Amino acid sequence: MTSFLARRRRVAATVAAAAAVLVGVSACSSSSGSKTVRLVAYSVPKPAYDALAAAFGKTSAGKGVDVKGSYGPSGAQSKAVLGGQKADYVSFSVEPDLNALVKAGKVAGDWNTGPTKGLVTKSVVVIVVKKGNPLGIKGWDDLIKPGVKIVTPVPSTSGSAKWNILAAYEHTIAEGGTPAQASEYLKQFFAHVVSRAQSGSQATQQFLSGTGNVLISYENEAIAARQAGKPVDYVVPEQSVLIENPAAVTKSANKSAKAFLSYVESEAGQEIFVSKGFRPALAGAKIGTVAGANDPANPFPTPAKLITVESLGGWSKVNDEFFGDKGISTTLEKA
Amino acid sequence: MSVTAPETRAAAVAGGWGTPRRRRGRVREGLPLGGFSGTSLGLVVLWVSLLVLLPLAAVVGKAFGSGWGDFWSAITNRENRDALVLTVALAVGVALVNAVMGTVIAWVLVRERFRGSAVLEFVIDIPFALPTVVAGLVMLALYGQDSPIDVNLYGSRIGMFVALLFVTLPFAVRTVQPVLIDLDRDKEQAAASLGASPPVVFRRIVLPQLMPAMSSGAALAFARALGEYGSLVFISSAIPYHTEFASVIIYGKLQEQGDAPTQQASALATVLLLASALVLVLLDLLQRRMARHG
Amino acid sequence: MADVLTAPANRPAPPAANAGREPIRRTALGLRTLAVGYVGLLVLLPIGVLVYQALKPGLSLFGDTLTDPDTVHAYEVTAIVAGVALAIDVVFGVAAAVLLVRYRFPGRRLLSAFIDIPIAVSPIIVGLALILVFGPDGWFGSFVQDRVINAQPGMILATVFVSLPIVARAIVPVLEQAGVEQEQAAASLGANAVQRFVRVTLPTIRVALVYGAVLAFARCLGEYGAVLVVSGRIEGETETVSLRIGDLFDSDLNTEGAYALTLVLMVVSIAAIVVGSIIRRKRL
């Protein structure tokens with residue numbers, strides 16, 4: 001009888017110990033080895049980073065390196081890293097999300113002094129439509145016609161949203177309009193928005209699932225959708241904004257992460273980005289044919305009027321002006 | 001006296017809620033909580049209770065953290081208010097449908113033996129065991145854009161309603177079923193022998209006895225539907241003022257930078273918690289009153 | 001008194017049907033059709049369509065999704081999170097059930113209510129609550145930073161929260177039914193609490209415990225909303241199968257893959273309740 005009980009007690013104790021060990025192990029399993037790169041990025045470049053990680057693994061610097069990616073809305077990811085999520089390599093949609101990390105001391109201040117000025121990809125804002133462009137959308141002004149339902153994410157979490165709103169507003173100015181007219185356009189634009197997506201890729205998914213009939217997104221996202229065989233077309237409007245996506249390694253990053261960043265910014269890395277529909281950040285990078293682009297042989301046309309954030313005064317100014325508490329976009333959105 | 005299988009399932013599913021006090025040698029005695037065993041048990045339970053209570057307290061605390069004014073504006077803001085109204089309306093609708101259909105199904109399972117009732121029993125448990133994300137995609141497969149039967153409920157409130165019916169199916173059935181099983185047939189037979197027709201027998205004799213179980217099943221369905229996320233988020237397009245519901249707003253706010261969104265999320269969460277609590281407390285009171293009268 | 005459960009319900013005899021009372025039969029038939037039709041349309045039809053959608057693109061694509069390295073990682077993460085959560089659930093469930101039924105103490109009613117709370121709480125609110133306590137601005141501040149939220153312990157906590165009542169509630173009715181006589185007898189024979197528990201209580205509740213554990217496991221396996229909030233979406237680390245399905249759908253635009261993995265998760269969940277039913281029936 002005693003042995004029976006003793007056995008039972010031992011079993012119970014073992015189970016308890018095992019549970020404790022498991023919890024401990026699971027807590028520890030999240031520790032980084034020097035061969036792990038913790039990548040925290042915005043939502044749309046996931047397929048590109050997956051390809052980059054695979055290719056990097058084949059190089060000598062990348063042998064045996066495990067890239068653990070976390071993807072989500074640019075703003076939310078930035079907030080997560082600020083809140084303590086471990087990150088070695090961060091890649092955001094808009095500069096302010098990276099600057100927040102610099103201000104918090106997680107990223108060195110010289111992140112943008114490299115050959116690509118801290119950027120890893122570029123793109124432009126495009127208008128995505130259902131295959132065949134049934135509504136005949138040709139540009140921004142068509143978007144405020146009756147019956148148009150716009151899908152775009154929310155700027156409170158998404159970087160894509162900020163690019164989109166900027167482009168929507170600035171296109172009027174680029175056409176020769178006044179700020180008042182631009183504000184009026186943006187107000188009507190918002191009136192046509194039907195979605196509440198949190199990230200660029202979520203907006204794409206909503207659009208593909210049947211929400212709305214027009215999606216504003218990155219050119220690379222439109223190309224990615226077409227590469228995935230989705231029935232969409234896209235229009236590069238005459239006026240658009242040059243999208244520039246920054247990336248950097250954190251102060252606590254290991255050697256593998258730094259090597260990964262170098263790879264991403266190198267010719268080889270940039271070519272992979274290009275194949276996924278991104279415009280390269282490295283000057284002189286080779287642009288071959290890009291499947292899924294409107295014209296695969298000439299995948300990255302330059303819009304007639306390409307607006308840069310630099311010309312608007314830089315992201316700090318723009319972020320406040322548009323998305324601050326009293327920002328243009330913030331006020332108009334609530335109207 | 002043995003515990004029957006559906007009862008166990010019911011208890012597990014319904015969490016023992018509202019299973020009316022039954023006639024089971026009701027000596028509510030027990031050992032005093034002293035000694036090693038009692039204390040250690042108590043400690044275990046205490047620790048885990050803290051896991052539940054403290055975080056929930058934190059939610060309420062955060063909601064009111066910056067004062068009543070912020071709380072009020074968070075829930076009366078047009079977008080949030082519309083979402084709350086929709087969420088509650090859907091939950092009430094689902095609760096009512098389940099009260100009726102749950103009883104019908106339980107009746108059929110208990111009173112009508114037919115080939116395939118075992119299958120029915122099994123199928124009813126499926127929504128309870130399915131992960132919510134699975135339920136969500138299952139709904140989307142049939143009612144979404146690529147539906148093979150050409151029904152597109154994506155982005156519609158009807159689609160959301162159907163998804164909620166799916167996940168709440170087991171609740172009412174499993175609370176009513178054990179009561180039906182244990183029902184004393186004497187009164188029904190007496191009424192029938194006095195000439196009452198079956199519908200009358202049902203309405204005047206059976207239904208009152210089922211009411212506690214029906215209402216507890218409905219209350220559970222309500223509480224579940226109120227907070228549902230995974231199964232709703234795929235079929236709903238979460239369009240503000242139209243198909244946006246409470247938990248999706250809360251989730252969105254958690255992703256936003258800054259502290260105010262978290263406070264607003266907590267405010268909405270508090271409203272949902274209060275609504276569930278209210279319903280369950282009312283239910284308990286109702287049942288105690290019914291037990292006294294029946 | 002080894003096993004107290006009988007699987008086939010003690011069904012009362014079919015109603016004394018008065019032959020020739022057509023309206024009754026028609027109503028009975030009508031009700032049956034209604035019930036079967038409702039459940040069939042609501043549950044079976046969508047599930048059938050999902051199976052169709054998942055297998056439509058072909059078996060090779062199906063296989064590809066399931067063996068994708070990220071998906072394989074998700075299996076591992078799910079196993080750890082669900083496994084540990086289940087262990088905690090069982091320990092708590094048994095302790096709470098025994099406490100509730102066999103002991104008396106002030107606040108017993110309150111405890112009973114508290115145990116049931118998770119049923120009424122939205123999973124998203126669970127996540128929010130955990131973030132408020134364990135997050136960067138939480139009560140523990142930076143001490144637990146990144147060790148709980150955005151890491152597996154946080155996911156385990158979230159999963160435990162939502163599945164907590166299941167095991168307890170499966171055991172309580174059985175314990176109540178069983179009554180204290182046997183345990184009192186054992187006590188009078190000199191058995192201490194542990195012995196009473198192991199030799200008397202445990203066999204009594206064994207089947208209910210297993211069934212509760214199976215249901216709880218299915219719940220742990222499938223938790224989505226709560227884990228979504230506390231996970232950092234880190235591939236290979238904080239991505240469970242449920243989350244992976246969401247990601248396949250949202251970020252990868254891989255609808256076929258999402259359906260494929262959904263089918264797998266669905267089969268596993270249904271297998272769980274089948275296993276539970278079999279265990280219960282075998283115990284007769």
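## The interface of chain C and chain B

In this predicted model, about 9300 Å² of area is buried between chain C and chain B, and carbon and sulfur atoms give 74% of that area. Counted by residues, the interface brings 101 residues of chain C into contact with 103 residues of chain B. Across it the rule finds one salt bridge, in which C:Arg32 is paired with B:Glu112 and the closest N and O atoms are 3.4 Å apart. Polar contacts between chain C and chain B, with both residues at pLDDT 80 or more, come to five residue pairs.

On the side of chain C that touches chain B, the element that gives the most is helix H1 (residues 22-55) of chain C, with 20 residues. Sorted by class, this side of chain C has 75 nonpolar residues, together with 13 polar and 13 charged ones.

## Confidence along chain B

Chain B has a mean pLDDT of 83, with 86% of its residues reaching 70 or more. Among the elements of chain B, the highest mean pLDDT, 93, belongs to helix H4 (residues 78-111) of chain B, whereas the lowest, 35, belongs to strand S1 (residues 3-4) of chain B. Over residues 1-27 of chain B the pLDDT stays under 50, and for this stretch the model has 76 contacts beyond four places in sequence. Those contacts should be read with the pLDDT of the stretch in mind, since pLDDT is the predictor's confidence in each residue.

## Salt bridges over all chains

Over all chains the count of salt bridges by this rule comes to 20. One of them pairs A:Lys68 with C:Glu237, whose closest N and O atoms are 2.6 Å apart. Because A:Lys68 lies in strand S2 (residues 66-72) of chain A, while C:Glu237 lies in the loop between helix H9 (225-230) and helix H10 (241-250) of chain C, the pair joins two chains. Both A:Lys68 and C:Glu237 are buried.

Within chain C, a salt bridge links C:Asp68 and C:Arg244, with 3.3 Å between the closest N and O atoms. The position of C:Asp68 is the loop between helix H2 (59-67) and helix H3 (69-102) of chain C, and that of C:Arg244 is helix H10 of chain C, so the pair ties together parts that are 176 residues apart in sequence. Elsewhere, salt bridges that share partners join A:Arg38, A:Lys68 and C:Glu237 into one network.

In chain B, the side chains of B:Asp82 and B:Arg81 meet in a salt bridge with an N to O distance of 4.0 Å. Here B:Asp82 is partly exposed, with a relative accessible area of 23%, and B:Arg81 is also partly exposed, with a relative accessible area of 39%.

## The setting of B:Thr168

Helix H7 (residues 157-182) of chain B holds B:Thr168, a residue that is buried, with a relative accessible area of 0%. A polar atom of the side chain of B:Thr168 lies 2.7 Å from the backbone oxygen of B:Leu164. When neighbours within four places in sequence are left aside, the residues in contact with B:Thr168 are B:Val94, B:Asn98, B:Ala221, B:Arg224 and B:Ala225.

## Make-up of chain C and chain A

Chain C has 11 helices and two strands, which follow the pattern β-α-α-α-β-α-α-α-α-α-α-α-α when read along the sequence. Of the 284 residues in chain C, 59% are buried. Among the contacts in chain C with a separation of 6 or more, 75% are between residues 24 or more positions apart.

For chain A, the secondary structure comes to 12 helices and 10 strands, and buried residues make up 56% of the 335 residues of the chain. Residues 24 or more positions apart account for 73% of those contacts in chain A that have a separation of 6 or more.

How values were computed. Residues are numbered from 1 along each chain as its sequence is written. Chains are lettered from A and ligands numbered from 1 in the order in which they are written. Side-chain values use heavy atoms; hydrogens and water are left out. pLDDT is the predictor's confidence in each residue, from 0 to 100. Helices (H or I, at least four residues) and strands (E, at least two) are DSSP runs, numbered from the N terminus. Contact means heavy atoms within 4.5 Å. Buried area is the accessible area (1.4 Å probe) that two parts lose on being put together, summed over both. A polar contact is a pair of N or O atoms within 3.5 Å; within protein, one must be able to donate a hydrogen and the other to accept it, and residues adjacent in sequence count only if both atoms are side-chain atoms. Ala, Val, Leu, Ile, Met, Phe, Trp, Tyr, Cys and Pro count as nonpolar, Asp, Glu, Lys and Arg as charged, and the others, Gly among them, as polar. Buried means under 20% relative accessible area, exposed over 50%, partly exposed in between (1.4 Å probe, protein chains only).
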